[in-house]
Amino acid sequence: MTAMTTAADQRAASAAADAAPAGTTREYLSFKLGSEEYGIDILRVQEIRGYESPTRIANAPHFIKGVVNLRGVIVPIVDMRLRFGLPDVQYNSFTVVIILNIGHRTVGMVVDSVSDVLELAPGQIKPAPEFHGAIDAAYITGLGTLKSGEVERMLILMDIEQMMTAPDMGLMDDDVAVH
């Protein structure tokens, strides 16, 4: 069995496991990076914390800010603005770290702000478009549409587990990674 076949099989199994039964709403934690709003499956979120400067690790990729000690667990911290190549990375009182449970590991991701927890019905989620950008389209599961009066907003729904376990992130051991 080749690595490519294995990765494809694991992706299909992960997508099937994540698929909600027809007609079932799913909850997403929405957060902002720059001017865009993203959503991740609330079931992957352990907690949300204020930003604190992590301890830098030598030779880590530029988007890994370092590690923090979270109740005895050493947690790598990924700055999503740096990961997506966004300009003007600034840390302020709105900057938070979302602590995730991914592939039997705890990982933190720095975002500009957290908005809220949203329920989306299947009819509110459109398929992800094919494009080349800062985020690999393989990590986008769809686009959520939310209507508030006459105003409609889009939420980029991410497969955060697939993104964080990707080999280029360097966060998971090969035998733990879920692709």
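How many cavities of 30 Å³ or more does the structure hold? The structure holds 1.

## Basis of the model

This is a predicted model, in which local features need pLDDT of at least 70, side-chain atom pairs count only at pLDDT 80 or more, and totals for chains, interfaces and linings use all residues. Residues are numbered from 1 along each chain as its sequence is written, and side-chain values use heavy atoms, with hydrogens and water left out.

## The cavity

The largest cavity has a volume of about 50 Å³. A cavity here is a set of points on a 1 Å grid over the protein atoms alone, where a 1.4 Å probe fits but cannot get out. Grid points are joined across faces, edges and corners, and the volume is the space filled by probe spheres set on the points.

Lining residues have an atom within 4 Å of a point. For the largest cavity they are Arg-49, Gly-50, Glu-52, Pro-54, Val-68, Ile-77, Val-97 and Ile-99. The elements that give two or more residues to this lining are β3 and β6. By class, the lining has 5 nonpolar, 1 polar and 2 charged residues. Pro, Val and Ile are among the residues that count as nonpolar, Glu and Arg among the charged, and Gly counts as polar.

## The open sheet

An open sheet of 5 strands runs in the order β3-β6-β7-β5-β4, with mixed pairing. Its edge strands are β3 (45–50) and β4 (64–70), and each pairs on one side only. Strands are DSSP runs of E of at least two residues, helices are runs of H or I of at least four, and both are numbered from the N terminus. Two strands pair if DSSP finds at least two bridges between them.

β3 pairs with β6 (residues 96–102) in the antiparallel sense over 5 bridges. Arg-49 has Val-97 of β6 as its bridge partner. Both Arg-49 and Val-97 also line the largest cavity.

## Salt bridges around Glu-47

The count comes to 7 salt bridges. Each is a side-chain nitrogen of Lys or Arg within 4 Å of a carboxyl oxygen of Asp or Glu. Arg-49 and Glu-47 form one, at 3.6 Å from N to O. Arg-71 forms another with Glu-47, with the closest N and O atoms 2.4 Å apart. Arg-71 lies in the loop between β4 and β5 (73–79) and Glu-47 in strand β3, so the pair ties together parts that are 24 residues apart in sequence.

Glu-47 is buried at 19% relative accessible area. Arg-49 is partly exposed at 27%, and Arg-71 is exposed at 61%. Buried means under 20%, exposed over 50%, and partly exposed in between, with a 1.4 Å probe and protein chains only.

Arg-81 is buried at 10%, and Asp-112 is buried at 16%. Elsewhere, salt bridges that share partners join Glu-47, Arg-49, Glu-52 and Arg-71 into one network.

## The β9, β10 and β11 strands

β9 (residues 125–126) and β10 (residues 140–148) run antiparallel, joined by 2 bridges. Ile-125 stands opposite Gly-144 in β10. β10 also runs antiparallel to β11 (residues 151–158), with 8 bridges. Thr-145 has Met-154 of β11 as its bridge partner. The hairpin of β10 and β11 has 2 residues between the strands, and Gly-149 takes a positive phi near 70 degrees.

Definitions and conventions. On a 1 Å grid over the protein atoms alone, a cavity is a set of points where a 1.4 Å probe fits but cannot get out, and a pocket is an open set with protein on both sides within 12 Å along at least five of seven lines; lining residues have an atom within 4 Å of a point.
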